[in-house]
Amino acid sequence: MSGSYDDSVGVEVSSDSFWEVGNYKRTVKRIDDGHRLCNDLMNCIHERARIEKVYAQQLTEWAKRWKQLVEKGPQYGTVERAWCAFMSEAEKVSELHLEVKGSLMNEDFEKIKNWQKEAFHKQMMGGFKETKEAEDGFRKAQKPWAKKLKEVEAAKKAYHAACKEEKLAISRETNSKADPALNPEQLKKLQDKVERSKQDVLKTKEKYEKSLKELDNATPQYMENMEQVFEQCQQFEEKRLRFFREVLLEVQKHLDLSNVASYKNIYRELEQNIKTADAVEDLRWFRANQGPGMSMNWPQFEEWSADLNRTLSRREKKKASDGVTLTGINQTGDQVSQPNKHSSLSVQSNTVQSVQSSYNPFEDEEDTGSTVSEKEDNKIKNVSSYEKNQSYPTDWSDDESNNPFSSTDANGDTNPFDEDTPPAMEVRVRALYDYEGQEQDELSFKAGDELTKIENEDEQGWCKGRLDNGQVGLYPANYVEPIQ
């Protein structure tokens, strides 16, 4: 038999046992799988870190948006502060999730990457040094035993062939005895063939038993050598498994915010802020500042004055009509104002003129000689009549930033709490990103769409614009760029 050995030729694998020739390759493949699993774990952590970052950004945007809406909305008092506490909670939790993202990438991800680099060494010809060492070790340990196994299989095959030939020779001899036409010489040949086949059976059987005995004698050494190489692979895999367990525990600690003291404090503080909401206190404040508890300049008897009886000239009327401050107006209806949020509202004379049943003492009339005192009396009567059907804050000033009557939206869709911004030149702009309007007064557009900016950016970073279809609304200023 040839002295060379090639485990890819010869014995067929008859079972799935590790001891079968070539079945050690699964153990060798596990080393390559370990390197791939490091990559998989790094990708897994990287995706989770990206999720943490996106979630933190969404929390921040949500908190900013709703903080503005609540502060500008009709809610007031302690309930407003409790509501805003949720936005503060979101901002703090956002910071914690950004810290989680940083820990995952800067600590866990980098730790796996460095361990993988130290544990697996790439070769010039491809593959890893650890894989080749395991492959060579198993091949060297299995080669002598596999060679004897091939000899056993060859002896077994020869013995079975001799047995088959013997059986066939005996069958022919038996059949020839029953044939009277067969001469004695032919019968003698058949008997000799039977004798030779029996001798072949004995020889092949002896050789088969001898090779099998040699294989049995070589098996203990074969098992010992294979065990040594396998144990080396086990130790290498044990290091990887223990490392993975260590990394996963660290990832768990970074993700588990329930054990972070600052995280617990966030919700302890949130609970306290909510519990401080006092309906009785808010109702008491509203009564004192927006209800019957407000002071009132009730009409009193006034002496006649020559100065008040003087008739105004048209020039004086025009100068006086630039602005008028109304005081002592009693609030009615459902209009709600917040403390320190809408302390004064200003009204221009042309605005007052637009309200039905209201009266401007300075508007042009026929030259009938009406006196200022008579017009003042009419003004008080008309404003009182207006209160029955309309609601407005009680404190009036020349500041028109919070005037609910300055809105030109007949349906009341505009927010009376939004601050007016100075008019701006119309400018054509192009959208940089897609934006989906979240409210009725916001525009929606796709990246690349063109629209017209009609008002400059306000303090919250919003601009007012008009789409080509004529729709007017708000949009984030940083979502567009001017068209050159």
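**View 1. Asparagine 43 sits in helix α1 of this predicted model**. Helices are DSSP runs (H or I, at least four residues) and strands are E runs of at least two, numbered from the N terminus. At 46% relative accessibility, asparagine 43 counts as partly exposed, a class that lies between buried (under 20% relative accessible area) and exposed (over 50%), with a 1.4 Å probe and protein chains only. Phenylalanine 109 lies 66 residues from asparagine 43 in sequence. In space, the two are 8.6 Å apart, C-alpha to C-alpha.

**View 2. Helix α1 packs with helix α3**. Helix α1 covers residues 25–72. The angle between α1 and α3 is about 170 degrees, and their axes are 9 Å apart. Axes are lines fitted to C-alpha atoms, for helices over the stretch in contact, and angles run from 0 to 180 degrees between N-to-C directions. The two helices are therefore roughly antiparallel, a term for angles over 145 degrees. On α1, the contact (heavy atoms within 4.5 Å) is made by Lys25, Thr27, Val28, Ile31 and Asp32. On α3, Glu130, Thr131, Ala134, Glu135, Phe138 and Arg139 take part. By class, there are 4 nonpolar, 2 polar and 5 charged residues. Nonpolar means Ala, Val, Leu, Ile, Met, Phe, Trp, Tyr, Cys and Pro; charged means Asp, Glu, Lys and Arg; the others, Gly among them, are polar.

**View 3. Helix α3 bends at lysine 143**. The bend is about 40 degrees, taken as the angle between axes fitted to the seven residues ending there and the seven starting there. Proline 144 follows within four residues. Helix α3 has 49 residues, 129–177, and should span 72 Å at 1.5 Å a residue. That expected span is 1.5 Å times one less than the number of residues. The end C-alpha atoms are 71 Å apart, which agrees.

**View 4. Helix α2 meets helix α5**. Helix α2 (residues 77–119) and helix α5 (residues 261–275) cross at roughly 175 degrees, and their axes come within 9 Å. That makes α2 roughly antiparallel to α5. Among the contact residues are Ala82, Phe86 and Leu96 of α2, and Tyr263, Ile266 and Leu270 of α5. The contact divides into 10 nonpolar, 2 polar and 3 charged residues.

**View 5. The chain has 9 helices and 5 strands**. Of its 484 residues, 32% are buried.

**Notes.** Residues are numbered from 1 along each chain as its sequence is written. Local features need pLDDT of at least 70, side-chain atom pairs count only at pLDDT 80 or more, totals for chains, interfaces and linings use all residues, and side-chain values use heavy atoms, without hydrogens and water.

Notes
Angles under 35 degrees count as roughly parallel, over 145 as roughly antiparallel, 65 to 115 as roughly perpendicular and the rest as oblique.
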